[in-house]
Amino acid sequence: MDWQQLWEIASTPDNIPIVALLFLVPFYTWYAFRQARANDQLIGALEGSPELAKTHHRKTLPFKPEWPREVHVWPYLLRIEFLAAIIVTVILMIWSITLNAPLEEPANPNFTMNPAKAPWYFLGLQEMLVYFDPWMAGVVLPSLILVGLAAIPYMDENPLGAGYYTLKQRKWSIAAFCFGFLVLWLTMIFIGTFIRGPGWMWFWPGQTWDHSRVVFEVNRDLPDLFFITSAWGKGILGAIVMAVYYGLAGLLVHKIITLNEFNRKIFKRMSLLQYLTLQFFLIMMMLLPLKIFIRHAFRIKYIWITPWFNI
Amino acid sequence: MPETPTPPPEEQDPVTSNSYSAIYLISSILLILTLFWALYDEVYGLRPWKSYQRKFVSLYLSNLKKLKPREKGAEEEIRKTEGYQELDRAYKAAELEATPKVKDIDRQVGLIDDRATALTDTFQTARSEVSAKIYEIEHASTRSRPSLEKELEEIKRGPFKVELPLLDGSEKKERVSYTFEELEKEFDRLKGLKADLLATRLEVLKQANDFHKKRDQYLEERMIGLTEQQVGSLISKMEAFNVEIKQINVPEYGIVDRCESCHVGIREPLVLEARELGGMRAFTSHPDRELLKIHNPDRFGCTPCHNGNGRATISAEKAHGQNEHWLWPMYASKNADAGCVQCHLNDIVLDHADTLNYARQMYWERGCMGCHRYEGYDKEPEQLLAVNQTLRSLEGQKKENQKEIAALEKDSENAATNEEARQLLAKAQEIPMKISLLDAQMEQLDMQSKSLLREQKKIGPNLKDVRLKLKKEWIPVWLEQPTAFRPTTKMPNFRLSQEQRQAIAAFIWQSGTEASVSKQPPGDAQNGKELFEIRGCQACHSLGEGNERMGGTFAANLSRVGEKANYDYLVRWIHNPRERTLPYCPFEKKEITAADYAKHGLPFVFDPDHAKCPNDGHELQVQQTTVMPNLRLSWKEAQDIASYLVTERHTNASYPPAAFMDDPGLKAKGVQYVKFYGCASCHEIAGLEEEGRIGTELTKEGSKPIDNFDFALLARKAKNEGWYTGKGFIEHKLQQPEIYDTGMVKSPLEKLRMPNPHLDDQQRSAITTFLIGSVDSSWPNDLFYNPSGQARDIQEGWWIVRKYNCMGCHQVRLSQRSVLMDLPRYQNPDWREQLPPRLVGEGARVNPRWLEQFLANPALNTTETDRNGVRPYLKARMPTFFFSPDEIRKLVRFFMALSTQAEPYIPQRLEALSSQETQMARELFTSKAAPCLKCHATGETTHDKTATAPNFLLAKDRLKPNWTGRWIADPAVISPGTSMPSNLFKLQGGRYVFSGPLPDLFKSYDKDQIALLVRYMFELSPEEQRRLLSRR
């Protein structure tokens, strides 16, 4: 174990946000889930009790039936926000005094640094470049991510989930977020920061980053496995495979959407456009873990090769 | 809220009832604290130089105050001297005399000033109004101009009313009314009056001021260190010290250096040492003040030489550029010379840079440049290659041209018209001229190739001669570890396996020339020892092992030469080291044998005068590529020395038989290894004469990005131990060249091949300094030292002086000692006279045309060569170096430039002596008090046995008359310790007069007597000298 190097990576001013992320994201996820669950339980209890069910009551904990039904933003919310602002200011001040901007040497066009890493918030995108071609990883997928995030409220319209933390009424959104952001996005940032070393090679945490490391990582494309060499052949095979994937994944998504009573209720309320959009984003999202898997398990780089883009 | 019942106090809604005061208080306090922290950081934390400066001022002030009384005592002493008092009196008298006049002038000036002051206000107001109006007119449209001009007229007309005091001193005032023109005129008149008066005042005071200046200068010249006044001004400077960023800004080079913000004392006129300043090393003054004079920091800044980050001020680490990612970290003090390299690329000898000089010489002497190209080193092979390539292409061109003639003639026969035929023929007739131009060009190239062949040297011996020179069994033993046989050898230690060693030995042995050297009779070893010591061999070679080693380090230590060398070959070598067994033709790339000569019916003779290849007429390599010169010894002497050298051996050494060396199978393997290890970089080896270099070029090694250094498996270790830098890489590589193979799986021919150069710490540090300084400089070219004229002659000359080790025998520059000077034998006063001449000021002494001839043939004689041309009485021998014409030119220009002699040299015309003058000069020449011919050689054998000075007959061609005069006046000044007596002449009324008794003839002679003697010397004929000799 190369503890020193691990410490060097973790303590680089650049990587401080990522290290913080490692602790803060699980904590707040847990915190939000706890609140959501408690709220759901509270609502269950309220709806289960005939005398409380009829009253106006607040839907969030802490709760006592006799407490005010509503509280005002001023001062009850703002005082907490202001306190948060002070604490964040203190943290930012200390941060900016103690850690200087991590500048490096002047850019030299004759010499590329290795590893050349994007800023931490882009490391997920950079990691995606391993699995997709630059056009897909750099342009198409980031756009889809942005559009997809923005589209979530328009696909999940359940009015019962508005205004408070709830798990029960927002299963879809939360599941999509957990998978898309926590699992895929943050994991990729983590991989980009801690795992990828010189030559963008895979180093387990604690393994020394060696510039001259040699690994067996000869990539091939799916058509190569079938000894297809013509461009047409590659395009057609890829298109077929992708079509099959779309069919299967669409089926799988549909199965999940209609899995139980609640899901079916939501499904019924969806318009065709909403449904198809949801399908599209979920299928695209699943493409990423799938490609990560076949890349690492079978050394397959691209499935569908066309002169314009590769998937 | 009325509908909700009031809850019991313990169950209040936490959202509304919780108090956050405590958290608010704590976070607010934290916020304020961080605010103060930020302020502190802004004012002090990020500006450490403030406390540095304050500390320096207090330490330096207390130091200066202690210093003051001490300096004062010394100053009082000087003030009391007669010289000072005299000047002081003169100053005071002159001042007294001028006082009344000065007072009168001052009074008048006062009156003028009063009147001018009264005028100024009105005048300036009027002037600014007028100027503004004029500007308005200039920028107005043509239409509005006339009205504006009218306005201007109105302003100028005034009237301006002023009350002015009169100039007669009566304190009365006049009221006047001026127009603008009158106002201006009056103002200019007053200015003119005042200027005249002030000029007169200066004139009146001139004498007094001159004496004042002289008096202060007198004091300054006699004070060591600083005068009281200077110390005082330093103190007041420190007391008024302003704490601020001290910055050197050189806009034309983009230099911004704030180093002096902490290194406040670096340019102080006092020598400041850390222990005087509270142990603060940052406060010391620059250790090499002279260097700072040449490289004024106001022009060069600090970082161009030292590196580091001149702009950084927030910490010493950052300012010194020792933080990660800064590409130019400051050089450590022991590597300080590294900063010189980038600008002084072509100086092999550089003042103030001893480490660098040492390294640069070592880079050549140790043969580093054999494998690692470095701009400026060992240029000849590359140039030779280029010349040969051009030659070849020209030859091709010539053949083409010849073909073209035939083609053109044929075309003209078939031409359609007469006109066309005539044109084609004319073209054909022009081609022979073209060919002749090509011939001329080829001739020049051949000459150049001849020069280059002569200049081309190899560091190691010629391995074509192994069969003639070496004991066969010795070779594999030597290859195993050269330092085991000879610890000081230049040959590095290779890491060879038994198999590789045998293969290399076999290849070397079998590729050696099969020839024989003539048998030599044994000589007298006792006499050989004496000759070895007195002929100057030890200027380059040493003898004795360990602490008993004595002699120069330039060439091999000869202690065990008897174990390896063949006596007959040794005799030939000592007789003439440049003698080659077979000449080599670089054009055909092979050795030319007697058979080749016979084929063309030519005698088998090759030497510098017969250097044309019998096969193709190109220049041959007719000499050994060694720098060892020919000492022009007789065969007898050579035999004696060789007999002595073969006794230099370990008697108990034994060498196992090496039959494998004749195995032809091994030879084929050997050539592969010889190529792999780059043996041909230093040695001449048959078939590998044009092998390229096998190592990395190092000219820009210092600029290599750290990731391009292959630390292999040691990168992590190097980072942890703090040597993950270019410097660390080089130092470790030099110490243990195979270090970066540690833990690697490699086949024998993949391994690092750099041999171990067995350097000591000092040498390693010097080479490292040289290499880390070898950077691709980003500074503008005009900061570089690319001199022209004499400075460049000096630069070029040093390369040759270093190449042939001239400084082994001669003192070429002040404070340099030759190797011979420090040998025990030459400590004895009798032997000290036997030291080769000092060459400091040689350029002023000799005629450059003569020097050319002397360098080409130091015997100054074509038949009788077993002698020194100028100083036959010296036992040490000025050898023949076989310089190329180009080298001679450079050397002569070097010596002339060192003494700043004008080039080309035009001899001074000396007036012919009248018969009376001849007689007088002859009297001086033969005077009993100083008989010149007693010591000076004459060419007559019996007399010359006791001679200790050069022959006068050489003077005319050899010396410059002015120098000769200065030499006679005071030889000890020019060459301390010379046996030529000083004080032969004394200065009397501006001319030199003989110190001894003068014959009556001189009574009426009022000219310089040295000049007379010099003229006589330059006219001296052999007959006259013989006559005088016989008269003695």
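**A sheet in chain B, and onwards**

Modeller: Chain B has an open sheet of three strands in the order β8-β7-β9, with antiparallel pairing. Strands here are DSSP runs of E with at least two residues, helices are runs of H or I with at least four, and both are numbered from the N terminus. Two strands pair if DSSP finds at least two bridges between them. This is a predicted model, where local features need pLDDT of at least 70, side-chain atom pairs count only at pLDDT 80 or more, and totals for chains, interfaces and linings use all residues. Residues are numbered from 1 along each chain as its sequence is written, with chains lettered from A and ligands numbered from 1 in the order in which they are written.

Biologist: Which strands of chain B stand at the edges?

Modeller: β8 (590-591) and β9 (621-623) of chain B do. Each has a single partner strand, so one side of each is left without a neighbour in the sheet.

Biologist: How many bridges join β7(B) to β8(B)?

Modeller: Two bridges join β7 (residues 579-585) of chain B to β8(B), and the strands run antiparallel. B:Cys585 is opposite B:Lys590 in β8(B), and B:Tyr584 has B:Glu591 as its bridge partner.

Biologist: And what is the bridge partner of B:Glu579 in β9(B)?

Modeller: That's B:Gln623. β7(B) and β9(B) are joined by two bridges and run antiparallel.

Biologist: How many residues of β7(B) are buried?

Modeller: Six of its seven residues are buried, so β7(B) is mostly covered. Buried means that 20 or more other C-beta atoms lie within 10 Å of the residue's own; exposed means 12 or fewer, partly exposed is in between, and C-beta atoms are placed from the backbone.

Biologist: What about the hairpin, which residue takes a positive phi there?

Modeller: B:Lys589, with phi near 60°. The hairpin of β7(B) and β8(B) has four residues between the strands.

Biologist: Where else is there a positive phi in a residue other than glycine?

Modeller: B:Leu860 has one, near 55°. B:Leu860 is in the loop between α33 (848-856) and α34 of chain B. In chain A, A:Phe227 has a positive phi of about 55°, and its place is the loop between α8 (222-225) and α9 (231-257) of chain A.

Biologist: Is A:Phe227 buried or exposed?

Modeller: A:Phe227 is exposed, with 7 other C-beta atoms within 10 Å. B:Leu860 counts as buried, because it has 20 C-beta neighbours inside 10 Å.

Biologist: OK, switching topic. Where is there a cis peptide bond?

Modeller: One joins A:Asn114 and A:Pro115, with omega about 0°. A:Pro115 is in the loop between α4 (73-98) and α5 (123-128) of chain A. In chain B, the bond from B:Glu903 to B:Pro904 is cis, with omega near -10°. B:Pro904 belongs to the loop between α34 (885-898) and α35 (915-925) of chain B.

Biologist: Now the interface. How many residues of chain B are in contact with chain A?

Modeller: 28 residues of chain B are in contact with 25 residues of chain A. In contact means that their C-beta atoms, placed from the backbone, lie within 7 Å. On the chain B side, α1 (14-17), α2 (21-45) and α27 (715-721) are the elements that give two or more residues. The largest share, ten residues, comes from α2(B).

Biologist: What are those chain B residues like, nonpolar, polar or charged?

Modeller: They divide into 16 nonpolar, seven polar and five charged. Nonpolar covers Ala, Val, Leu, Ile, Met, Phe, Trp, Tyr, Cys and Pro; charged covers Asp, Glu, Lys and Arg; the others, Gly among them, are polar.

Biologist: Last one: what pLDDT does chain B average?

Modeller: It averages 90, and 99% of the residues score at least 70. pLDDT is the predictor's confidence in each residue, from 0 to 100. For the complex, the predictor gives an ipTM of 0.84 and a pTM of 0.83.

Notes:
Contact = placed C-beta atoms within 7 Å.
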